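Dear colleague,

I am passing on the structure below, and after it I set out what was found, beginning with the chain as a whole and then turning to confidence and to one residue.

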Amino acid sequence: MKRPALMVVFLLVGTWVAVSQSSYVIVDSVRLPAESYVGDPVELRYSVRSQATPAVPDDIGQPRWGEITALRVVPGAGVFDLRMTVTPYEPGTLALPRIDLGEVRIEGLSLIVESILAPGEVGLRPAHGPQRLPGTQAALLLFGFGISFVIALVLYLLGPGRRHIHSIVSRYRARVPYRKLLARVQLLERDIKRYTMREFYIVLVEELQAFMTSRVEQNCMAATATELIELLSELEESCGATAGTAAPLEEVLTAADSAKFARKTIRRKKRSRHLKLVHAVAVELESHRTKLRRSVRGPRGQVSRVGA
């Protein structure tokens with residue numbers, strides 16, 4: 001009689017232990033993301049109500065359809081959170097293996113994994129070959145055009161382009177004194193009241209000296225008014241102008257000498273007229289110089305003999 005009673009006691013104790021270990025209720029569950037496909041990691045979160053104290057096992061059993069990459073337990077008062085990350089490699093409804101947390105074993109969990117195949121479609125989709133990114137062809141064309149342009153530009157600059165560029169630079173430099181003279185005349189006309197009579201003619205003569213230096217074959221920066229007047233015919237000849245084109249400058253230079261050294265009074269109205277004379281003569285000389293340069297240069301930039 002004692003032996004059957006002892007067996008009953010052991011059976012009752014085992015049943016109580018089993019009931020205590022498996023006594024739990026899942027009160028909430030969350031899946032992130034809500035929808036996933038084969039190969040997508042999925043995080044599963046369960047809120048479990050149980051009086052047992054859970055413990056994370058050292059070894060996590062792996063399902064045949066994928067793998068559990070992480071498992072974590074967040075304990076609480078009467079409720080603990082079970083969080084795990086799984087990566088499925090099969091579609092369909094997949095059952096999770098039993099999870100042994102010490103005093104409580106969680107089982108009967110599952111997740112649904114969608115398939116990338118259309119309903120009724122069987123097998124894998126055929127693999128596509130290498131695909132070009134949108135705009136790749138246009139980018140390659142632009143790159144090729146840029147390389148070709150750079151090579152052509154280098155060849156041009158090393159060949160005939162050097163002569164053309166030198167010609168352009170020379171023409172630009174030749175026009176700089178002319179442009180500076182016109183700009184200074186315009187400035188003097190605008191601020192004529194701010195300059196004294198002597199300052200006015202000093203500035204004007206300096207610009208005329210710089211202009212004439214760029215056109216005749218000698219430095220005129222230290223030349224006197226008398227010397228500049230003697231060079232007017234040479235100035236006309238160098239610009240290809242007719243005789244007498246630069247003659248009005250003689251009046252301006254003579255007045256400048258009178259204002260600077262003889263202290264002769266020259267009214268503002270006359271000074272303004274002198275500015276107009278300088279402007280008109282400079283424009284006329286530059287016009288003749290441009291025509292002369294074009295006549296010397298033959299077709300396509302080749303030099304021809306004047307008078308031929």
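**Surface and overall make-up**

The protein chain exposes about 20900 Å², of which carbon and sulfur atoms supply 58%. Please keep in mind that this is a predicted model. Its secondary structure comes to 8 helices and 8 strands, and of the 308 residues in the protein chain, 29% are buried.

**Confidence**

The average pLDDT of the protein chain is 80, and 78% of the residues score at least 70. Among the elements, the highest mean pLDDT, 92, belongs to helix α4 (residues 197-215), whereas helix α1 (residues 2-21) has the lowest, 44. Over residues 5-21 the pLDDT is below 50, and this stretch has 5 contacts in the model beyond near neighbours in sequence. Residues 300-308 also stay under 50 in pLDDT, and for them the model has 10 contacts beyond four places in sequence. Where pLDDT is low, the predicted coordinates should not be read in detail.

**Ile-99**

Ile-99 lies in strand β6, which covers residues 99-100, and Ile-99 counts as buried because its relative accessibility is 5%, with the cut-off for buried set at under 20%. Once neighbours within four places in sequence are left aside, Ile-99 is in contact with Leu-71, Leu-82, Met-84, Val-104, Arg-105, Ile-106 and Leu-109. As for Leu-71, which is 28 residues from Ile-99 along the chain, the C-alpha atoms of the two are separated by 9.8 Å.

With best regards

Notes. Residues are numbered from 1 along each chain as its sequence is written. This is a predicted model: local features need pLDDT of at least 70, side-chain atom pairs count only at pLDDT 80 or more; totals for chains, interfaces and linings use all residues. Side-chain values use heavy atoms; hydrogens and water are left out. Helices (H or I, at least four residues) and strands (E, at least two) are DSSP runs, numbered from the N terminus. Buried means under 20% relative accessible area, exposed over 50%, partly exposed in between (1.4 Å probe, protein chains only). Accessible areas come from the Shrake-Rupley method with a 1.4 Å probe; for residues, only the protein chains shown count as cover. Contact means heavy atoms within 4.5 Å. pLDDT is the predictor's confidence in each residue, from 0 to 100.
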